[in-house]
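Visitor: I am new to this one and would like a close look at a single part. Could you walk me through a pair of neighbouring strands and what surrounds them?

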Amino acid sequence: MGIAEANTAGNVHGGVILHLCDEVAGIAAVRHSGGRVVTAAMDRMTFLHPVYVGNLLTVRATVNAAWRTSMEVGVRVEAENVRSGEVTHTSTAYLTMVALDDEGRPMEVPLVRPETPEEERRAREAQVRRDNRLHERRSIESGRRSE
Ligand SMILES: CC(C)(COP(=O)(O)OP(=O)(O)OC[C@H]1O[C@@H](n2cnc3c(N)ncnc32)[C@H](O)[C@@H]1OP(=O)(O)O)[C@@H](O)C(=O)NCCC(=O)NCCS
């Protein structure tokens, strides 16, 4: 991260990290689906520690689960102090990406088949987040209808 990425406090701007997460999540979703994808939602973004100018960022993304046309992609951001070698987990994000066909309509994607306990945990937790999201949406819609 260079000074062009800094905010007025001198650390790396959160928006720069959001942008990287979106880009990397998109690549993971394209690899999984084989189609082009759009970001439907960024469901969660945590900033656990500041990222400093001079840090080397590593951004990794995994497709945690896939449903009909959407996928949850988990992104982990780590910042390395290159001089000391110290690595800090600075952010985690969860994004919902939707695959689109050539006409721009949502298209079906392959399911994720977890093979390791870690992948099973990720898929289970992705399902919890999706259920919560859908539950929240239904509650808000029914609240508005009854206004
Ligand atoms: C994402 C998008 C394609 C969904 O279109 P839609 O008409 O709602 O399509 P559908 O109702 O068929 O839903 C398609 C999938 O998107 C999911 N989805 C739609 N809106 C969502 C939202 N707000 N949050 C999470 N998932 C959402 C649905 O759950 C569904 O998933 P599933 O098929 O796996 O069950 C459409 O809203 C869109 O094009 N948004 C703009 C995306 C974009 O430009 N992103 C870049 C931001 S600048």
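Guide: Strand 2 and strand 3 make a hairpin, with three residues between them. Strands here are DSSP runs of E with at least two residues, numbered from the N terminus, and two strands count as paired if DSSP finds at least two bridges between them. This is a predicted model, in which local features need pLDDT of at least 70, side-chain atom pairs count only at pLDDT 80 or more, and totals for chains, interfaces and linings use all residues. Residues are numbered from 1 along each chain as its sequence is written, and side-chain values use heavy atoms, leaving out hydrogens and water.

Let us follow the hairpin. As an example, L56 stands opposite E80 of strand 3.

Now for the other partner of this strand. Strand 3 also pairs with strand 4 (residues 87-100), again in the antiparallel sense, over 11 bridges. Here E72 has T96 in strand 4 as its bridge partner. These strands form a hairpin too, with six residues between them, and in it G85 takes a positive phi near 85°.

How enclosed is strand 3 (residues 70-80)? Nine of its 11 residues are buried, so strand 3 is largely enclosed by the rest of the structure. Buried means under 20% relative accessible area, exposed means over 50%, and partly exposed lies in between, with a 1.4 Å probe and protein chains only.

Notes: Helix = DSSP H or I, 4+ residues; strand = E, 2+ residues; numbered from the N terminus.
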